Amino acid sequence: MFFPAGRRRDIDGLRGLAVLLVMFFHAGWISGGFIGVDIFIVISGYFMGRSAFMQHPFRPERFVLRRLYRLVPALLVMVSAVSAGMLWWVLQSDRSDIALNGAYALVYLSNIWASHHVGYFEGQSIAYPFLHTWSLSLEMQFYCVIFLIALLLPRLRDRRFLLYIMLAASFACSAYAFHIGNQAAYYSILARLWEFSLGTVIWVLPGLPQSRLFSTLTYAVSILALLLCAVFYDLANACPSLMALVPCVATMLIIMQPQAMSRRLVEPLSPVGVISYSLYLWHWPAIVLAAYLLPFPADSLTMALVLGGATAVSVLSYAGVERPLLAFENRATPDAARRGVITLIALCAMVAMALAGVSAVSRVH
């Protein structure tokens with residue numbers, strides 16, 4: 001279950017490193033762990049490039065079903081469980097904002113909600129258990145972009161041309177946002193699209209030299225760069241800062257060296273990477289819940305216990321929700337897979353409308 005076949009173990013390990021960096025950042029243990037999101041974004045761009053750009057012919061229904069079965073079930077369970085567990089006892093003003101954030105998360109617009117409500121690095125972020133879903137909304141929005149490119153441009157040459165334009169335009173938007181001090185761009189798909197594109201462009205770039213020494217050194221130096229960024233970066237280096245280039249390019253170079261001997265540096269983290277989606281979903285609500293319930297600020301030991309509890313729930317989420325639904329999508333008939341995804345979308349819509357209603361009646365004027 002935790003060592004699925006047919007996958008690059010080192011990329012799973014890289015995912016594991018990314019989610020641990022984010023968790024340690026949220027725990028307050030490292031200052032630059034937010035780069036874990038940048039790592040995730042580049043990896044996502046890489047796999048979407050394979051699923052959309054390199055498929056001949058492109059199978060749009062398969063692409064959509066796979067993405068929805070991959071992301072929606074675990075998110076729906078997390079938002080529903082956390083809402084049921086805490087909305088009835090939090091302050092009325094908090095209830096309104098939390099419920100609305102949950103509704104936006106279920107329709108994958110959480111980044112838009114966040115950009116108008118709270119700074120990700122500001123102290124009040126600890127009040128919102130669904131704030132971290134902004135990155136999942138970005139991911140789904142990127143899926144929509146890559147889907148349209150693959151659907152409307154059948155030739156790889158045309159897709160490649162648009163990909164380069166998209167990468168350059170998004171990087172320019174990010175640089176401009178950094179220049180004018182627009183911190184809300186941290187949540188923006190326009191300012192982040194170049195990170196996804198860096199992962200996708202791997203499929204159309206010439207391969208790197210594959211000598212054993214070059215691959216091993218490049219891979220090892222890239223891992224070191226990620227660790228140094230995680231330790232020494234601070235909030236001023238977060239996207240749209242141009243310093244986000246360093247972890248993104250390092251991730252890109254790691255992916256481009258599948259034969260490197262130094263891939264063993266991250267392969268031990270592959271089981272963590274396999275459950276990284278569930279870990280990402282559950283660790284932040286656990287930290288927020290602890291902040292609400294504990295009568296004192298969490299020290300390192302307490303935070304370690306909180307993250308341990310979140311990890312246990314994440315394993316259950318992976319084994320009981322994430323993996324079974326993906327297995328169903330793999331073996332189901334096309335009609336059954338369509339009915340299942342329609343059910344998932346309907347459930348998301350129902351829960352989102354219910355949360356929007358809770359938010360409306362709880363709003364303090």
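This passage describes the overall fold of a predicted model and then its largest pocket.

The protein contains 14 helices and zero strands. Along the principal axes, the C-alpha atoms fill a box of roughly 60 × 50 × 45 Å.

Of the 365 residues, 52% count as buried. Among contacts with a separation of 6 or more, 83% join residues 24 or more positions apart. The accessible surface comes to about 16,000 Å². Carbon and sulfur atoms account for 70% of that surface.

The largest pocket has a volume of about 1,300 Å³. Its lining comprises 43 residues. Nearest the centre of the pocket lie R7, R15, F47, R67 and R70. Seven stretches of chain are listed as giving two or more residues to this lining: helix 1 (9-27), helix 2 (35-53), helix 3 (60-86), helix 6 (134-152), helix 11 (270-274), helix 12 (276-293) and helix 13 (300-331). Helix 2 gives the most, with ten residues. By residue class, the lining of the largest pocket divides into 22 nonpolar, eight polar and 13 charged residues.

Note on methods
Residues numbered from 1 in each chain as written. Predicted model: local features only at pLDDT ≥ 70, side-chain atom pairs only at ≥ 80, totals over all residues. Heavy atoms only, no water. 1 Å grid on protein atoms, 1.4 Å probe; cavity = no way out; pocket = protein on both sides within 12 Å on 5 of 7 lines; lining within 4 Å. Points joined across faces, edges and corners; volume = space filled by probe spheres on them. Helix = DSSP H or I, 4+ residues; strand = E, 2+ residues; numbered from the N terminus. Nonpolar A, V, L, I, M, F, W, Y, C, P; charged D, E, K, R; others polar. Buried < 20%, exposed > 50% of the residue type's maximum accessible area, 1.4 Å probe, protein only. Contact = heavy atoms within 4.5 Å. Areas by Shrake-Rupley, 256 points an atom, 1.4 Å probe, with all protein chains shown as cover.
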